[in-house]
Amino acid sequence: MNVRTRTRTAAAGFATLALLGLAACSSDSGSDAAGSGSEETMAEESPMASDEPSDEMSEDMSADPAANLVGPGCDAYAEQVPDGAGSITGMSTDPVAVAASNNPMLTTLTKAVSGELNPDVDLVDTLNGGEFTVFAPVDDAFAEVDKETLDTLATDADLLTTVLTYHVVPGQILPEDIAGEHETVQGDTLEVTGSGDELKVDDANVVCGGVMTQNATVYLVDSVLMPPM
């Protein structure tokens with residue numbers, strides 16, 4: 001079984017992951033030429049919106065960061081992280097990579113996007129530099145991926161970048177508008193179906209969506225999403 005087949009199998013086995021728990025986002029991209037290249041590629045592929053959220057969205061966040069939450073796991077998230085930088089309110093005050101790095105449910109994703117899993121893949125500056133919708137696999141989703149596949153991602157920078165950028169859509173999309181097909185930064189299309197607490201992204205389930213950060217809307221998912229290979 002080749003790497004891509006193993007990766008597909010891992011993704012099908014557990015529901016969804018999502019791109020954005022970024023726990024250790026302090027990698028020095030300036031000292032890693034390959035990491036910088038990955039960021040530049042992502043930036044080029046992404047038709048970024050403005051760097052600042054819309055006035056309406058900013059007002060919603062400042063009024064109540066929990067106003068747009070959907071998903072069966074939001075109450076459990078609030079209980080696990082009731083306050084602090086990784087809480088629903090705390091994440092709304094930081095750019096997405098920083099916010100994810102403070103969330104104890106997103107530690108593996110954080111390692112993947114910050115150069116800790118693969119030193120040639122550091123997307124922190126890119127993620128913090130535009131407006132995005134991020135489908136972020138929680139740690140339990142990554143735990144379903146076999147060790148051999150994770151080892152491959154740790155050495156195959158192109159494959160890891162492809163998988164991670166498939167979890168990111170340019171622009172901020174609130175739950176009320178999320179259903180439908182969306183072109184990802186990676187270039188392929190993913191589909192969100194359902195509504196309310198029954199949203200799915202491809203075959204992954206949304207655990208808690210509509211989590212706001214300074215520059216992104218985050219949907220925690222229970223499986224790692226896989227683009228067509």
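Tutor: Start with a term: a residue is buried under 20% relative accessible area, exposed over 50%, and partly exposed in between. Remember too that this is a predicted model.

Student: Why is D151 called partly exposed?

Tutor: D151 has a relative accessible area of 38%.

Student: What makes K147 exposed?

Tutor: Its relative accessible area is 60%. Exposed means over 50%. So K147 is exposed.

Student: How do you know that K147 and D151 meet in a salt bridge?

Tutor: Look at the N to O distance between their side chains: 2.8 Å. The cut-off is 4 Å, from a side-chain nitrogen of Lys or Arg to a carboxyl oxygen of Asp or Glu. The pair K147 and D151 therefore counts as a salt bridge. The structure holds one salt bridge.

Student: Where do K147 and D151 lie?

Tutor: Both are in helix α10, residues 147-153. They sit four residues apart, about one turn of the helix.

Student: What makes helix α11 mostly covered?

Tutor: Count its buried residues: seven of nine. Among them are A157, L159 and V163. Each of these is under 20% relative accessible area, because that is what buried means.

Student: How do you know that D156 caps the N-terminal end of α11?

Tutor: A side-chain oxygen of D156 lies 3.3 Å from the backbone nitrogen of D158. A polar contact needs N or O atoms within 3.5 Å. The distance of 3.3 Å passes that cut-off.

Student: Now the sheet. In which order do the strands stand?

Tutor: The order is β2-β1-β7-β6-β5-β4-β3. The seven strands form an open sheet, and the pairing is mixed.

Student: Why do β2 and β3 stand at the edges?

Tutor: Each has a single partner strand, so one side of each is left without a neighbour in the sheet. The residues are 168-170 for β2 and 180-183 for β3.

Student: How do you know that β1 and β2 pair?

Tutor: They share three bridges, in the antiparallel sense. At least two bridges are needed, so they pair. In this pairing, T133 stands opposite V169 in β2.

Student: What sets D202 apart for a closer look?

Tutor: D202 has a positive phi of about 50 degrees although it is not a glycine. It is found in the loop between β5 and β6.

Student: Why does D202 count as partly exposed?

Tutor: Its relative accessibility is 27%. That value falls between 20% and 50%, so D202 counts as partly exposed.

Methods:
Residues are numbered from 1 along each chain as its sequence is written. This is a predicted model: local features need pLDDT of at least 70, side-chain atom pairs count only at pLDDT 80 or more; totals for chains, interfaces and linings use all residues. Side-chain values use heavy atoms; hydrogens and water are left out. Buried means under 20% relative accessible area, exposed over 50%, partly exposed in between (1.4 Å probe, protein chains only). A polar contact is a pair of N or O atoms within 3.5 Å; within protein, one must be able to donate a hydrogen and the other to accept it, and residues adjacent in sequence count only if both atoms are side-chain atoms.
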